[in-house]
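Here are my notes on the model you sent over.

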Amino acid sequence: MQEQSIGSALAAARRQSGLTVGQLSATTRVREALIYAIERDDFSLCGGDFYARGHIKAISRAVGLDPEAMVHLYDEHHGGVPMPVRAATIFQADRRVKLRERRGPNWTMALGVALAIVVVFGVVRVMGGSGETRVADVTPVSAVPSVPPNTPFTEPPPPAPKKAAPVMKDLVVVRVQAKRSSYLNVRDAKGRKLFAGTLAAGKSSTWRAPTQMKLLFGDAGAVLLQVNGKDLGQPGGSGERVRRSFGPSAPRPR
């Protein structure tokens, strides 16, 4: 090993291991161009002795050589191991930092700032009156109602029950169910219209009116009639135009 140079020894070991430069680069993460240069004993691309030693160690491990022996050989050919450097010499400043000379206060700037403050204060006084802010007296409100001592606590009386609406005895309730679409006209005793139109097939409607209810069926056989809860069936024949009126008690057809 001493007779061979570092680059030739690494190249011979690589070839003996059956590795190409590309495979060695993938294993060591060292660029191929750098490996070619090291095998030619050109260490100028390494960026310094520190990085050159690291590359030599990585390549030596990959090709089966002793990394320490190869680095020792590199140090012998390139001036030996660098002497340790004291930290004090590294961080020692080349130049002394000159402190700024103490200067007297800048009276011009201080006077300008004071004048600006006076102007702002005067504007605030003019715009806001006296500038005093009065705080209204706020009396804290307790969440617990105050009860005089020795005063019995009584619950408020329950609300009076609502009276039920009076039931109108003279109320007529008529329900009509359409077996097929049919015209229907419904009016109360005073002639006011409650419904006028076609009741669709399968639909049903209920009407309520006091005293009396009058109905006109365009097709009496197409509907089923119920008055005051009593089923009356069809009010007439199929296609027959029929008028009927009913009162609040037992149905009185007429």
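1. Let's begin with the sheet in this predicted model. Four strands make up an open sheet, ordered β4-β1-β6-β7, and their pairing is antiparallel. At the edges sit β4 (204-210) and β7, each of which pairs on one side only. From one strand to the next, the twist averages 20 degrees.

2. Within that sheet, have a look at the pairing of β1 with β4. Strand β1 (residues 171-178) runs antiparallel to β4, and seven bridges join the two.

3. The largest nonpolar core has 20 residues, and Ile6, Ile38, Phe43 and Ile56 have the most contacts inside it. Five helices each supply at least two residues of this core: α1 (6-17), α2 (21-28), α3 (32-39), α4 (49-63) and α5 (67-77). A second, separate core has 18 residues, among them Ala178, Trp207, Ala209 and Leu215.

4. Apart from neighbours within four places in sequence, Ile38 is in contact with Gly7, Leu10, Phe43, Cys46, His55 and Ile59.

5. Which residues of α4 are buried? They are Ala52, Arg53, His55, Ile56, Ile59, Ser60 and Val63. Viewed down the axis of α4, these buried residues fall within an arc of 165 degrees, so they line one face of the helix. An α-helix has 3.6 residues a turn, so residues three or four places apart point the same way. The cover over the buried residues of α4 includes α1, α2, α3 and α5, while Phe50 and Arg61, on the other side of α4, are exposed.

6. A quick check on the geometry of α4: at 1.5 Å a residue, its 15 residues should span 21 Å, and because the end C-alpha atoms are 21 Å apart, the two values agree. After α4 comes Gly64, which has a positive phi, near 90 degrees.

7. Finally, please look at Gly236, in the loop between β7 (230-233) and β8 (242-246). Is this glycine, Gly236, buried or exposed? Its relative accessible area is 18%, and because buried means under 20%, Gly236 counts as buried. Setting aside neighbours within four places in sequence, Gly236 is in contact with Ala220, Gly221 and Val242. Gly236 and Gly221 are 15 residues apart in sequence, yet their C-alpha atoms are 5.3 Å apart in space.

Note on methods: Residues numbered from 1 in each chain as written. Predicted model: local features only at pLDDT ≥ 70, side-chain atom pairs only at ≥ 80, totals over all residues. Heavy atoms only, no water. Buried < 20%, exposed > 50% of the residue type's maximum accessible area, 1.4 Å probe, protein only. Contact = heavy atoms within 4.5 Å. Core = buried A, V, L, I, M, F, W, Y, C linked by side-chain atoms within 4.5 Å. Pairing = 2+ DSSP bridges. Axes fitted to C-alpha atoms, helices over the stretch in contact; angles between N-to-C directions. Expected span 1.5 Å × (residues − 1). Arc of directions from axis to C-beta.
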